Amino acid sequence: MEAAKVPQQRGEQLLDAAVRYTEERHWDVCPGTWLEAAAGAEQCSCGDAGCDAPGAHPTGPDWAGQATGSGAAARRMWSRHPKASILLPTGRSFDAIDVPESAGFLALARMERMGLPLGPVTCSPDRRMFFFVLPGAAAKSNDLVRKLGWRAAAIDLVGCGEGHYVTAPPTRVGARGAVQWALRPTPANRWLPDAEELISPLAYACAREAADARARLSGDALS
C-alpha cells in the first residue's frame, strides 16, 4: 500500500512529493532554490550564472531552521514556491553515506547478494549515491573506515549528518537531470540500517574504485 504512494521518479509535482515524505516517512523537508527561465535557458533562482547546483541547494544559511516535518506546513511552503527543490536534512531522521555512483552500485549489488538490511538510496545527476542509515553515522564513519584499513577521504566516502542535507527525488539539478531513487522507500526499508552494517561493503567498493582510478591515471601518464 505504501509503496504505491512513494513519489515517482519523474512527472510528479514537487509539492506532492514533499508532503508525502513528511506524512509517510516522517522526514523533515526544506524547500530549496528552483529553476527559472532566463534568456531561453534555465538558471538557478539564486541568480548565480555559475551555480554549482542550479535549482537544488538551500536558499540561505538559515535553511535548516526552515525545515518542517508537518505535511500541512510543507504544502504551504511548496504552494508558495511550486518549483522549489526538496532538501532532506540529515542528522535528524537519518544520516546518509555519500559515495561515488560507480562504487555505490557495486556495493549495492554485493549487499543485496549478502542479504544485508538496506534503507532507501538516492542517485544524483552528479554521479553520487546516498545510502540512508540511522542518525549518528556521520560522526563515526571515519573511524569505521579507518578500522578497515583506509582513510575515508582517500576513498571518497563521506558521512552526511547534522548540518547537511540530501536532495530528494524528483528534484532536477539544472540541465544535468533529476535525482532518482536507486532503491525506493518501501514498507520493507522503513527501519534503517546502522552504519556498521553497510560500511564494510561500501568502503571496499570505494577503495576498489579509487585504486582503479589511480591505475588509469598512471596508465595515461605512461602512454
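**A walk through the loops**

Modeller: Happy to! Let us begin with His26, which is exposed, with a relative accessible area of 55%. Please keep in mind that this is a predicted model. You will find His26 in the loop that runs between helix H2 (14-25) and strand E1 (30-31). Its backbone deserves a glance too: phi of His26 is near 60 degrees, a positive value in a residue other than glycine.

Asp156 also has a positive phi, near 65 degrees, and is likewise a residue other than glycine. Look for Asp156 in the loop between helix H6 (137-147) and strand E8 (158-160). Is Asp156 buried, partly exposed or exposed? With 33% relative accessibility, Asp156 counts as partly exposed, because that class covers values between the 20% limit for buried and the 50% limit for exposed.

Now turn to Thr90, in the loop between strand E4 (86-89) and strand E5 (95-100). Thr90 has a relative accessible area of 2% and is therefore buried, the cut-off being under 20%. Which residues does Thr90 touch, once neighbours within four places in sequence are set aside? Its contacts include Asp95 and Ala96, and among them are also Cys160, Gly161, Glu162, Gly163, His164, Tyr165 and Val166.

One more loop is worth a stop, the one between strand E9 (165-167) and strand E10 (180-183), where Pro170 sits. The peptide bond leading from Pro169 to Pro170 is cis, and its omega is near 5 degrees.

Note on methods: Residues numbered from 1 in each chain as written. Predicted model: local features only at pLDDT ≥ 70, side-chain atom pairs only at ≥ 80, totals over all residues. Heavy atoms only, no water. Helix = DSSP H or I, 4+ residues; strand = E, 2+ residues; numbered from the N terminus. Buried < 20%, exposed > 50% of the residue type's maximum accessible area, 1.4 Å probe, protein only. Contact = heavy atoms within 4.5 Å.
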